[in-house]
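Subject: Structure handover and summary of findings

Dear colleague,

Please find below the structure that I am handing over to you. My notes on it follow directly after.

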Amino acid sequence: PAGSIVVDAGGGRLCPYAEYKPAGLRIIAVDVADEDLRRNIEADEWRVADIASRLPFADGEVAIVTSKHVLEHLPDTGRFMDEAHRVLKPGGWFIHLFPGRNAPFAVLSRLLPDRVRQRLVHGLHPETTGTQRFHTWYDRCYSSAFRKLLEEHGFEVEQEVVSYCQSHYFGFFVPLYLLSVLWELILMTLRARDSAATYLFISWRRPTPPS
């Protein structure tokens, strides 16, 4: 309905879906980085807050809570779900796109110190220079664990979209790229959802929390 609030959790500098917003809806970007939010001209409003601790909204105020490549940076995904459940209206949507914990690039990310990982990313992808790279926890960021977490926190899964495509991360070295493509094909053949590269979960808040 017109006037409904869409929360872009971890909104940062950009709101990738703002161009698709129906008339009358308000997109509010929430992020811990004030400097990044000030550059966000696509959201209707922004609020500085740590989404890992508390979302700055009243109970049942929000229609949609969504994010893109943010959940892997939260040390406790369950705490964030509690907050999302609190601020969402009954039947409100909880939509998130995030990378998988068990993908090779994610395993490597967790093994490397943050400073080394940031230099590596900026070196291989110069377009990211100047952006801040937050620590990655990948807390329950894989299919079975995330689905279970949703159920435990009062959400019903409407759709789960899985992608195994991850070879672009290794495009800087052809032999590694080809090995990654082979790995993708194996995972797809085995339907190893818990080892996928990316997940899109579309779920909704149950009218009442589970007993």
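Is threonine 66 buried or exposed? The model is a predicted one, and in it threonine 66 has a relative accessible area of 9%. The cut-off for a buried residue is under 20%, so threonine 66 counts as buried. This residue belongs to strand E4, which covers residues 62-68. Leaving aside residues up to four places away in sequence, threonine 66 is in contact with Val6, Val7, Asp8, Ala9, Tyr17, Ile95 and His96.

Valine 65 also deserves a note. With residues up to four places away in sequence again left out, valine 65 touches Val7, Phe80, Ala84, Val87, Leu88, Trp93, Phe94, Ile95 and His96.

The nonpolar interior comes next. In soluble globular proteins, nonpolar side chains tend to be buried together. Here the largest nonpolar core has 39 residues, and those with the most contacts inside it are Ile51, Phe57, Val62, Val65, Phe80, Phe94 and Leu150. Helix H2 provides the largest share of this core, namely four residues. A second, separate core of eight residues has Val6, Ala29, Leu37 and Ala43 among its members.

Helix H2 spans residues 77-87 and is mostly covered, nine of its eleven residues being buried. These are Thr77, Gly78, Phe80, Met81, Glu83, Ala84, His85, Arg86 and Val87. Their cover includes strands E1 (5-9), E4, E5 (88-99), E6 (155-163) and E7 (198-205), together with helix H5 (143-152).

Regarding charged pairs, side chains of opposite charge can pair when their charged atoms come close. The structure holds 15 salt bridges, including the following:

- Glutamate 45 and arginine 26 meet through their side chains at 2.4 Å, N to O. Glutamate 45 is in strand E3 (residues 45-48) and arginine 26 in strand E2 (residues 26-31), so this pair ties together parts that are 19 residues apart in sequence. Glutamate 45 is partly exposed at 25%, and arginine 26 is partly exposed at 32%.
- Arginine 38 pairs with aspartate 34, with 2.7 Å between the closest N and O atoms. Because they are four residues apart in helix H1 (residues 34-38), about one helical turn separates them. Arginine 38 is exposed, with a relative accessible area of 57%, whereas aspartate 34 is partly exposed at 29%.
- Arginine 140 pairs with aspartate 139, the closest N and O atoms being 3.0 Å apart. Arginine 140 is partly exposed at 30%, while aspartate 139 is buried at 16%.

Phe172, Phe173, Leu176, Leu179, Leu182, Trp183, Ile186 and Leu190 make a nonpolar surface patch of about 800 Å². Of these, isoleucine 186 is located in helix H6 (residues 174-190) and counts as partly exposed at 36% relative accessibility. Tyrosine 169 is found in the loop between E6 and H6, and is partly exposed at 30% relative accessibility. Its C-alpha atom is separated by 33 Å from that of arginine 54, the two residues being 115 residues apart along the chain.

With kind regards

Key: Residues are numbered from 1 along each chain as its sequence is written. This is a predicted model: local features need pLDDT of at least 70, side-chain atom pairs count only at pLDDT 80 or more; totals for chains, interfaces and linings use all residues. Side-chain values use heavy atoms; hydrogens and water are left out. Patches are made of residues with over 30% relative accessible area and no salt bridge: like charges are joined within 9 Å, nonpolar side chains (Val, Leu, Ile, Met, Phe, Trp, Tyr) within 5 Å. Accessible areas come from the Shrake-Rupley method with a 1.4 Å probe; for residues, only the protein chains shown count as cover. A salt bridge is a side-chain nitrogen of Lys or Arg within 4 Å of a carboxyl oxygen of Asp or Glu. Helices (H or I, at least four residues) and strands (E, at least two) are DSSP runs, numbered from the N terminus. Buried means under 20% relative accessible area, exposed over 50%, partly exposed in between (1.4 Å probe, protein chains only). Contact means heavy atoms within 4.5 Å. A nonpolar core is a set of buried Ala, Val, Leu, Ile, Met, Phe, Trp, Tyr and Cys residues joined through side-chain atoms within 4.5 Å.
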